[in-house]
Amino acid sequence: MTLFIVSIVIFSLVEWLPGDFTKAILGQAWTPETGAAFEREIGLDQPPVTRYVNWIADVAQGDFGESFASRVDYRRTVAELIAPRLANTLFLASLTAIIAVPLALTLGIMAALYRNSLFDRIVNAATLTTISMPEFFMAYLLMLFLSVKLHWFPGLASVDADTPLPERLMRCALPTLTLTLVIVAHMMRMTRAAIINLLASPYIEMARLKGLSKSRVVLRHALPNAWAPIVNVIAFNLAYLVVGVVIVEAVFTYPGIGQLMVDAVTSRDIPVVQACALIFAATYILLNLTADIISIATNPRLLHPR
Amino acid sequence: MGNDNLKQSTRAKGEILLEMRGVMIEGESDDVWHQIVKGVDITLRRGEVLGLIGESGAGKSTLGIAAMGFARPGCRFNGGSVTFDGIDLLAATDEERRKLRGSRISYVAQSAAASFNPAHRLIDQTIETATQHGIRDTSSAVADAKDLYGRLRLPNPTTIGSRYPHQVSGGQLQRVMTAMAMSCRPDLIIFDEPTTALDVTTQVEVLASIRAIVEEFNTAAIYITHDLAVVAQMAHRIMVLRHGKLVEEAPTREMLAEPKEAYTKSLWAVRKLAKEESTSPDLILKVDHIDAAYGNAVKILDDVSISVPRGRTVAVVGESGSGKSTLARVVTGLLPPSKGSVQFNGRDLPSALAQRDKESLRRIQMIYQSPDTALNPRHRVYDIIGRPLTFYHNLRGKALEARIIDLLKMIELDETYIDRLPGELSGGQKQRICIARALAAEPDLIICDEVTSALDQIVQEEILKLLLRLQAEFDISYLFITHDIATVRAIADEIVVMNQGKVVQQGLKTKVLSPPHPAYTELLLSSVPEMDPDWLTNLLQKRAAKTK
């Protein structure tokens, strides 16, 4: 349902994009006649409502249509264009998530455990720094030091389908590191705050008065009740890894879906833009749904009714 | 169990277990440190139960936890010593103190619902202390916990542990917490108002369970409460605290028979306030055969009819869940009933709030249990009292201010309070402001929902006296919802007893309070603790005799 509403919004927004698609494609060859002929060929002469209904009916059957831009010389479907790019983006996102989520949780729990200690202050200062730096700036900094000066990692992350896994990991190192730094801060701070927020509750005082150790108080008594806010922030950040990576992709020239969408907007390739936007929306909805389900699953009040 | 016997035999009764000397604790608020406990001495022998009583803010809880060498976050010790069984707790390391807590000194908190971790099963929380301190292994701890559940007379002692805290009642939770505190057979248990949040009928059972198990294991205890009658049942010796200092200390019977200090006597006096009842045929409110429910759920009110005479007080008593507050919501129009009607001043009131006109809104006002949540913390007294004046009487400017000062005088506060924020007032003063806000509308009927429950006994008395004076002056009727029988004696003309959404009994105060009673009224009235230290023992014997 949500996706359906989103699809209407996407379609309308794309409709309002300024500029004429035919002019962008045909370039020098554009005359009013060739433009009109081209519009007829790809169905752009139809009224918007008809086009929307056709599009959404096709999408519902898994057919995202054909890319407009591909028509001029050879035919390519939108799915063909997107699939490898999406796979790349998901690869980068998973890699980052595998590193960032456990790291953030560990740091957050440790910071809550040793609140106001030197460790806590250092972690807080560091995450505050990474959270406030623009990501492209961080990307260039990392590139400058780790790639240009130290030659540890390649500065560009151009991979294709044939790149072997070790090589691929190596090339993805810098983008992964950049993204990790960006999202760890957010998740770690939320973990810390969620746990500290609970430390004032009577059952934590009770746990302390039972003579339990500090780590047991935090891990067994605070953490299980802190999952709901933490999971929501994790979901938000994972969605960002798919949806918001365009800048990092651009800096490292990584062939992901973000780049594809930007290119498609520039060339007014409407079906590709719409498909990308729909994928992004679906990612958000799916991850948030997962977060909600986990929140419910970790709440004994909802799980075990009276 | 061999271990237990060994432990039991090494315990010699009478030997000094806990010694607190000149304990000073200060607390921080808004960067200012102020003294909470100002040098108190406590000596407690093995197997002895000491009652600590006093008003809120007297430092009872702080002192109780201090016996574990613990200060709440934002508090710290700044003098004195706490010696437990020869160990100086304040000089001990964190680790040494941690090892004593739970195993040799344990704690039972006031709100069991908040003090149990919602995420874990009861049994896991009960055995945690014993297993974590390495006193028992898991299986023997589970067996022991079930045994304790049984001794505390919990229903289904073998299976209740697999429930989560939200799945059992408040009285049961409080007993599970006592089992948790007992799990290591500690030398000392601190009971911090363990029955304050419970209904009287539940309270009796919990008190009996706690007393029996403390005697059985010869455990020393510090029993903290503000309720004299309760402490009289539980303690061998009573200490009265005020403003962080000791007022008076004596064995229980001596203290009850002849309190020496004026302050202690004033605590005793509150319970003696009683209003002369009278009635009037002129009805201001008539609730006629009302049914009500939230959503499509079970009926909360089932065929309830009550009437309130003009200028009189009708007290609605019953336990939580009896439908008292729902009745108030129906009268105010917040919850339209599914059946029946409400007549006000001889006319039918529209059932929903939105359909009532301003005039009928004005004539019914409400005062709530907790003035902290009923007052907007960002509004000054001027705005709080001024709003109904502007809304109902269209007062502005000078006239408005004069009327606010009038109202402040009626509630015995002077005009300097007009610019205060609720945060700058005491609990009793806040409740007075709530009363002034209700008075501002010049109502015929005020619904008082547990208005004195959150207040200390002395403040309660002042508020009740104020309400009575206002009633005499302005001929206001009160629908007074409460679970406290002493309050009913003090203020009511008529009483309505409710249980499970039904009216059990109603009539003039003397008639309802004197026998013969319907069974439920009997249970409710007999459960109200009395100052007699033998009350609980006698009551239990009487009830046991009856069931045989």
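## Close-up views of a predicted two-chain model

**View 1. A hairpin in chain B joins E14(B) to E15(B).** In the hairpin of E14(B) and E15(B), two residues lie between the strands, and Asn345(B) takes a positive phi near 60°. The model is predicted. E14(B) and strand E15 (residues 347-348) of chain B run antiparallel, joined by two bridges. Gln343(B) has Asp348(B), in E15(B), as its bridge partner.

**View 2. E14(B) also pairs with E11(B).** Strand E11 (residues 283-293) of chain B is antiparallel to strand E14 (residues 339-344) of chain B. Five bridges hold the pairing. Opposite Asp288(B) stands Ser341(B) in E14(B). E14(B) therefore has pairings with both E11(B) and E15(B), given that two strands pair if there are at least two bridges between them. Strands of a sheet pair through backbone hydrogen bonds, either parallel or antiparallel.

**View 3. An open sheet of six strands in chain B.** The strand order is E16-E17-E18-E13-E19-E20 (chain B), and the pairing is mixed. Strand E16 (364-367) and strand E20 (502-508) of chain B stand at the edges. Each has a single partner strand, so one side of each is left without a neighbour in the sheet. Neighbouring strands of this sheet are turned by 15° against each other on average, direction ignored.

View 4. E16(B) pairs with strand E17 (residues 445-449) of chain B. The sense is parallel, over four bridges. Ile367(B) has Cys448(B), in E17(B), as its bridge partner. In a regular strand the side chains alternate between the two faces of the sheet.

**View 5. The whole of chain B, for context.** Chain B holds 22 helices and 20 strands. Its radius of gyration is 25 Å, close to the 24 Å that the globule rule gives for 548 residues, so chain B is as compact as a globular protein of that length. The C-alpha atoms of chain B fill a box of roughly 75 × 55 × 45 Å along the principal axes. Of the 548 residues in chain B, 44% are buried. Take the contacts in chain B between residues at least 6 apart in sequence: 70% of them join residues at least 24 apart.

**View 6. Domain 1 of chain A meets domain 2 of chain A.** The domain assignment of chain A gives domain 1 (2-63) and domain 2 (79-303). Their C-alpha centres lie 35 Å apart. The contact takes 13 residues from domain 1 of chain A and ten residues from domain 2 of chain A. On the domain 1 side, helix H1 (2-15), helix H2 (21-26) and helix H4 (48-60) of chain A each give two or more residues. H1(A) gives the most to this side, with seven residues. By class, the domain 1 side has ten nonpolar, three polar and no charged residues.

**View 7. Chain B touches chain A.** The contact involves 24 residues of chain B and 15 residues of chain A. On the chain B side, helix H3 (94-100), helix H4 (112-115) and helix H5 (122-132) of chain B each supply at least two residues. By class, the side of chain B that touches chain A has ten nonpolar, ten polar and four charged residues.

Notes: Residues are numbered from 1 along each chain as its sequence is written. Chains are lettered from A and ligands numbered from 1 in the order in which they are written. This is a predicted model: local features need pLDDT of at least 70, side-chain atom pairs count only at pLDDT 80 or more; totals for chains, interfaces and linings use all residues. The radius of gyration is taken over C-alpha atoms; the globule rule is 2.2 Å times the number of residues to the power 0.38. A residue is buried if 20 or more other C-beta atoms lie within 10 Å of its own, exposed if 12 or fewer, and partly exposed in between; C-beta atoms are placed from the backbone. Two residues are in contact if their C-beta atoms, placed from the backbone, lie within 7 Å. Axes are lines fitted to C-alpha atoms, for helices over the stretch in contact, and angles run from 0 to 180 degrees between N-to-C directions. Domain bounds come from an automatic or database domain assignment. Ala, Val, Leu, Ile, Met, Phe, Trp, Tyr, Cys and Pro count as nonpolar, Asp, Glu, Lys and Arg as charged, and the others, Gly among them, as polar.
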